[in-house]
Amino acid sequence: MEMIKIPKREAAWRCPSNIALVKYWGKKGPQIPANASLSFTLADLYTETKLLLTDQANVIEVFLDGVHRPDFEPKIYDFCRRIADLLPWLGSHGLKIETHNNFPHSSGIASSASGLGALALCLAELDACIKETPMDFMLASNLARLGSGSACRSISGAAAMWGEHPDYPGSSDYYAISVDHLLHEQFQGWMDAVMLVETGSKSVSSTQGHALLQEHPYAQSRFQEANRNMSRLKQILLEGNIWAFAELVESEALQLHAMMMCSTPSYMLMQPGTLSIIRKVREFREQSGIPVVFTLDAGANVHVLFPGQHRSYLGETLFPNLEKACEGGKYICSSIGAGVKTLT
Ligand code: PMV
């Protein structure tokens, strides 16, 4: 094998998490989405990762908050196998990964998007050094996708979309693109209050959830509806129609969970607290006229999206009421915005 000269062995990046508005749920092939999806990037909920390339081929070590975590390593071995064709130099090296999430590990906030995103950025930087080219963020997004599909949307944008779609020029099944230019000023400065209904790991992982779409009786109509929602959402974002936004985003969240409830075997990730928060968010929106909008990822926690100027008012009125349904009465607030940053 030709020896590739490695000019740089260390890279460190911060990568934020993201929350989907139109959901990716179901795959066509290895990490190819069955429909397009669009998300907001959560700038204040991020992972910071330092990657060191070692000479011990195929030896991977992961440290979370300074503690060796062999339980994380199989997922990274798997990831390295998937990206081997894209980074041919990787096979003759080992990886030492030091990682840290700025949100509590057991919060129930998925760290796979930010974690795989940060690792992908480190690898893309080392690759750019080897090739003596500028950092390729498209490659970083492609690598992140191969680790965890939704992670590819964390690399760019306050808003990012992934999956080929006729209404989004330049869109691809392989990487995400920023769609910040679509955001009307009504959607500038929004925030996300994540209501932590259930902390700890989920009963059905998203890998298992995606797989259950294969034999799902409603899969094809869901994929079509998601792609139609992508067209509608583009119009809504351009026009700044916050009420249509609320309707579409909430319907998407409920469709995701409806798909879980009619999989075989069927399952439910929402908890009583999830439903109580959903009801209170809708009541508050009707009574106050303030656009608070809920969405869900594949878990019981509720993301409450709102324009940032209402933060302190909501902190005195709505949020204390929602907190009651949260484990330990906790929620975490993040602004929506790009958050990728090199740390070296
Ligand atoms: O990226 P994955 O394979 O963990 O799937 C994520 C799926 C959802 O979070 C439920 C939806 C999405 O588009 O982020």
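Predicted model: local features only at pLDDT ≥ 70, side-chain atom pairs only at ≥ 80, totals over all residues.
Which residue lies over the face of Tyr 168, and at what distance from the ring centre? Lys 234 does, at 5.8 Å from the ring centre, where a charge is said to sit over a ring if NZ of Lys or CZ of Arg is within 6 Å of the ring centre and within 35 degrees of the ring normal.

Residues are numbered from 1 along each chain as its sequence is written, and side-chain values use heavy atoms, with hydrogens and water left out.

Now to the aromatic pairs. Rings of Phe, Tyr and Trp (its six-membered ring) pair if their centres lie within 6.5 Å, and planes under 30 degrees apart count as stacked, over 60 as edge-to-face and the rest as tilted. By this rule there are eight aromatic pairs. One of them, Trp 13 with Phe 137, is edge-to-face, at 6.0 Å centre to centre and 80 degrees between the planes. Because Trp 13 lies in strand 1 (residues 10-22) and Phe 137 in helix 3 (residues 137-147), this pair ties together parts that are 124 residues apart in sequence; helices (H or I, at least four residues) and strands (E, at least two) are DSSP runs, numbered from the N terminus.

Finally, Phe 40, Phe 187, Trp 190 and Phe 245 form one aromatic cluster.
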